[in-house]
Structures are given as C-alpha cells and as structure tokens.
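Take a look at the sequence and the structure below. Keep both in view while you read.

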Amino acid sequence: MKLINRKPSRPVRVILGILPFLLLLVLYLGASNARLAENPNDKLLPALSTIGAAIERMAFQPDKRSGDVLLWRDTFSSLGRLAVGVSISAACALILGVLMGAIPFARAKLSPLVTAVSLVPPMAVLPVLFIVFGLGEVSKIVLIVIGITPFMTRDLLQRVREIPPEQLIKAQTLGANTWQIIVRVILPQILPRLIAAVRLSLGAAWLFLIAAEAIASTDGLGYRIFLVRRYLAMDVILPYVIWITFLAFVVDYLLRRVSLFCYPWFHSQAKEND
C-alpha cells in the first residue's frame with residue numbers, strides 16, 4: 001500500500017503527536033544545562049526548578065501589593081477581553097456575511113469596504129484606537145474586532161455563495177420570501193462554518209489582545225509578559241507563553257465540541273469529503 005493511502009491508528013497518532021513536544025523538551029534541557037554550566041546565573045534558559053518556583057509564585061501565592069494571585073487575575077482579564085471581542089466579531093461577521101452573500105445589492109455596496117478594511121494592518125491603527133477610545137478596555141476589544149471581523153466576514157460571504165442555487169430556487173418555488181430563505185436555508189448551513197471561522201481566527205485574536213495589553217494595560221497575560229521582560233524573567237515569560245498556548249487549545253477544543261454536538265451532519269459531511 002502506498003504511503004499516501006496509509007492512515008495511522010489512534011495510539012500511533014497520539015505517539016506521533018507527543019514526539020515533537022518531547023523533542024523540544026529534550027533540546028531545551030540540553031541547551032539550558034549547557035548555558036547554566038557556563039554561567040549559573042544565566043536567565044535566558046532557566047532550569048525547570050527555577051520555572052517551577054516561578055509558577056508556584058505566580059499561580060499560588062498572593063501578590064504582596066494587590067493581594068491577588070497574578071496568574072489567575074491576568075487569565076480572567078485576558079479571557080474576558082477575548083470573549084467579548086470574538087463574540088462581537090462573530091456577530092458582525094455573521095450579519096454582514098449573510099447579507100452580502102444573499103443579497104446582491106448589499107454585496108455591491110459593502111464588499112469593497114470590507115475588502116479595504118481587511119487590507120489595513122490592525123496594529124497600524126492601534127495608536128488611533130488609543131486616541132479615540134482611550135487606554136481602557138474598549139480600545140483592546142475594538143482592536144480584536146477590527147483584526148478578525150473582515151476575515152470572518154469574507155469567509156462567510158464565500159460560504160453563502162457556495163450554497164447550491166437549486167436550494168434557493170426550490171425555496172422560492174415553495175413561496176419563501178427573502179427573510180425565510182435566509183433564516184431557513186442559509187443560516188442553518190452557515191452557523192457551523194461560523195464556528196470554524198472563529199476557530200481559525202483565534203490565533204489572530206490572541207495576537208491582537210497580547211499586543212494591546214502589552215502597550216496599555218494594568219493586567220492581563222500580555223501585560224505581565226512585557227512587564228517582566230525588562231528583568232529578563234524567562235522563568236515567568238515561558239510559563240505564561242505555555243499557558244496562553246494551553247488556553248488557546250482549550251478554547252479551540254471547546255468550540256469544536258460545540259460544533260460536533262450542534263451540527264453533527266456538517267462534520268459527517270466533511271469526513272466523507274476527506
């Protein structure tokens with residue numbers, strides 16, 4: 001059997017998935033031990049014991065100034081901003097994508113604007129957002145919205161236009177008006193694709209959130225990373241980066257489970273296409 005047609009079993013997939021992480025860990029330990037052997041005070045690649053002590057301090061011990069456990073305070077702050085920003089983006093993308101995909105007049109009017117906005121680097125407008133909305137929560141959320149809404153809108157627009165015309169014609173033949181076609185024909189097929197678009201946009205959403213928190217914030221995961229970087233505190237930065245990665249994985253996994261539960265037909269169809 002050709003290699004292209006061979007599929008690994010579940011245990012083999014798990015082992016193959018874990019191997020790169022083990023390799024990275026081995027490489028890190030080797031490089032860390034080599035640097036610490038030359039300079040015991042080296043901060044670039046701290047020992048695992050040093051990282052463990054930093055995790056205990058940040059995740060389990062209250063801060064002397066605020067009395068909060070910093071890791072959890074930063075986590076809740078960042079997740080709250082991310083949830084609000086992504087939710088607003090998803091709602092805007094759903095409305096605009098469906099309208100532009102279903103109604104040619106709306107597409108002719110809004111599509112050039114959405115395309116133009118999608119080409120603007122979101123980080124370039126961050127100073128403008130701080131000037132207009134101040135340094136509070138609004139500017140950080142707006143950056144996420146500006147950063148990922150155009151991408152999701154264009155994706156949903158394309159998905160709406162890919163709906164077979166026969167379905168729309170049959171609905172009109174049965175007497176459905178435009179609103180009924182959107183609600184009963186288009187929306188049920190677009191909602192699982194909206195979840196997929198949100199999952200694909202999470203990486204960019206995290207990027208914009210971390211950048212905004214790093215520039216102007218008093219809490220959050222991005223704020224903490226850029227606060228301690230001046231002290232070369234890699235024992236704090238590395239756990240925070242790993243924690244952000246883990247949170248992103250959990251959010252992506254939960255969205256996938258929601259999609260599987262609510263739209264099993266969509267995933268069975270995708271599996272058949274594979």
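Predicted model: local features only at pLDDT ≥ 70, side-chain atom pairs only at ≥ 80, totals over all residues.

Start with helix α7, residues 165-173, and helix α8, residues 178-215. Their axes lie 10 Å apart. The angle between the two helices is about 155 degrees. An angle over 145 degrees counts as roughly antiparallel, so α7 is roughly antiparallel to α8. The crossing of α7 past α8 is right-handed. Which residues of α7 and α8 make the contact? From α7 come Q167, L168, A171 and Q172. From α8 come I181, V185, I186 and Q189. Sort these contact residues by class, and you get 5 nonpolar and 3 polar ones. No charged residue takes part in this contact of α7 with α8.

Now turn to another helix pair. Helix α2 covers residues 48-60 and packs against α10. Here the axes are 8 Å apart, and the angle is about 75 degrees. Angles from 65 to 115 degrees count as roughly perpendicular, and therefore α2 and α10 are roughly perpendicular to each other. On the α2 side, the contact uses T50, I51, A54, I55, R57 and M58. On the α10 side, it uses D235, V236, L238, P239 and Y240. How many nonpolar, polar and charged residues does the contact of α2 with α10 have? The contact has 8 nonpolar residues, 1 polar residue and 2 charged residues.

Next come the aromatic rings. A pair of aromatic rings is described by two values: the distance of the centres and the angle of the planes. This structure holds 4 aromatic pairs. One of them joins W72 and W243. Their ring centres are 5.6 Å apart, with 90 degrees between the planes. This pair is edge-to-face. Where do the two partners, W72 and W243, sit in the chain? W72 is in helix α3, residues 70-102, and W243 is in helix α10, residues 234-262. They are 171 residues apart, and the pair links distant parts of the chain. W72 has a relative accessible area of 34%, so W72 is partly exposed. There is also a cluster: W72, W243 and F246 form one aromatic cluster.

Another ring pair is made by Y263 and W265. The ring centres of Y263 and W265 are 6.4 Å apart. Their planes stand at 85 degrees, so this pair is edge-to-face. W265 counts as partly exposed, because its relative accessibility is 38%.

Go back to helix α3 and find S78. S78 has a relative accessible area of 0%, so S78 is buried. Leaving out residues up to four places away in sequence, S78 touches L209, E213, G220 and L221.

L232 lies in the loop between α9 and α10. L232 has a positive one, near 55 degrees, and L232 is not a glycine. L232 counts as exposed, because its relative accessibility is 55%. Further on, I242 is in helix α10. I242 is exposed, with a relative accessible area of 59%. I242 and S111 are 131 residues apart in sequence. In space, their C-alpha atoms are 38 Å apart.

How values were computed. Residues numbered from 1 in each chain as written. Heavy atoms only, no water. Axes fitted to C-alpha atoms, helices over the stretch in contact; angles between N-to-C directions. Helix = DSSP H or I, 4+ residues; strand = E, 2+ residues; numbered from the N terminus. Parallel < 35°, antiparallel > 145°, perpendicular 65-115°, else oblique. Left-handed = near helix turned anticlockwise from the far one by under 90°. Contact = heavy atoms within 4.5 Å. Nonpolar A, V, L, I, M, F, W, Y, C, P; charged D, E, K, R; others polar. Phe/Tyr/Trp six-rings, centres within 6.5 Å; stacked < 30°, edge-to-face > 60°. Buried < 20%, exposed > 50% of the residue type's maximum accessible area, 1.4 Å probe, protein only.
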